[in-house]
Amino acid sequence: MAAVDSFQLLLGEVSRWCRSYCDTLALVGAVYAASRAVVLLRGCCSVVRVHVLPRVLPSQKLTRRYGDWAVVYGASEPVAGAYAEELAKQGVSIIFVTHDQMDVRDASACLSESYGVETVVVHADFSQNQAASSLVKEAMRGKDIGFLVTCVDEALTSPQSLVEIPEQGLLDMVNKNVAVATLMARLVLPGMVERSRGAVVNISSGACCRPLPGRVALTASTGYLDHFSRALHLEYSGKGIFVQSLIPFQIASSKRQPSTSTSSGEGWFVPEPDVYAHHAISTLGVSSRTTGYWPHTLQYGLMRCIPEWIWVLGSRLLISTI
């Protein structure tokens, strides 16, 4: 009986001791819940500011804001080609820089015929020597270059470990997606700085946000392009130049992100290149780093909530089933 009384006495003491901390714990919980609510509200406001308001509010023509000409590198990629068409729709003439003229010749003629803009195709093989830079400079001479659009090579998206990539292929990949992308900015920026206006748009991939097994080259290249864009914006935004990093997720006819869907062209989360480009171009001048498409922004927000170790484990399981 004494043991029972002692236990009840001990339980009462513990209860009184815990009760004194209940208010404190409740306050901590309320503060945490409020902080999460503020983060969620801020995210919702950001989606509206970046993806909704620019599409409903009138804005100045792109040619008046940035310039009459755009230089597009990587137009053979569906997303870059669609982005170039969106620029042409708004009266921007296009200089296509490519190592294979056949890839963009038809697109160039189509844009000229459909939208009445001038187009120039520059065959520039940057793997050979510096002569390619001279060709680009000559094509830009005397033109009001207001845009530079660069797109990462989609060939990187095929699952392949680093040791499986041929040495020459690896060098070509680094040259095209890192060295040439940087060089193109170097060629275009002096004129933009002189005119105190311009826009640089680098289209990489949401793969830059988290590591992906079997896609080392994609993650590294897109990561470089993303950080390069953010550094450029920090350095040149004060000189009237807007630098934007676009990090889309999966796009139809594109394999920027692994997917288990057999019909990649269906649904809001997998837009056609022209749909994505139409949304993305409306964010130009609004956000320096964005997915460019609001459903992808929701995906990005959910991805950020997942701890990296869970993400890596899930990615390995996903890759093993493909």
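## Exercises on a predicted model

Val 178 sits in helix α6, residues 167–195. Helices (H or I, at least four residues) and strands (E, at least two) are DSSP runs, numbered from the N terminus. This is a predicted model: local features need pLDDT of at least 70, side-chain atom pairs count only at pLDDT 80 or more, and totals for chains, interfaces and linings use all residues. Residues are numbered from 1 along each chain as its sequence is written, and side-chain values use heavy atoms, with hydrogens and water left out.

**Exercise 1. Find the contacts of Val 178 beyond four places in sequence.**

Step 1. Apply the cut-off: contact means heavy atoms within 4.5 Å.
Step 2. Set aside neighbours within four places; Met 173 and Tyr 224 are then in contact with Val 178.
Step 3. Check Ala 220, 42 residues along the chain from Val 178: their C-alpha atoms are 9.6 Å apart.

**Exercise 2. Which residues line the largest cavity?**

Step 1. Define it: on a 1 Å grid over the protein atoms alone, a cavity is a set of points where a 1.4 Å probe fits but cannot get out, and lining residues have an atom within 4 Å of a point.
Step 2. Get its volume, the space filled by probe spheres set on the grid points, which are joined across faces, edges and corners. The answer is about 50 Å³.
Step 3. List the lining: Tyr 73, Gly 74, Ala 75, Ser 76, Val 97, Thr 98, His 99 and Lys 176.

**Exercise 3. Describe the largest pocket.**

Step 1. A pocket is an open set with protein on both sides within 12 Å along at least five of seven lines. The largest holds about 840 Å³ of space.
Step 2. Of its 23 lining residues, Gly 43, Val 47, Thr 297, Tyr 300 and Gly 301 are closest to the centre.
Step 3. Elements giving two or more residues are α1 (2–56), β7 and α9 (294–305). Helix α1 gives the most, with 11.
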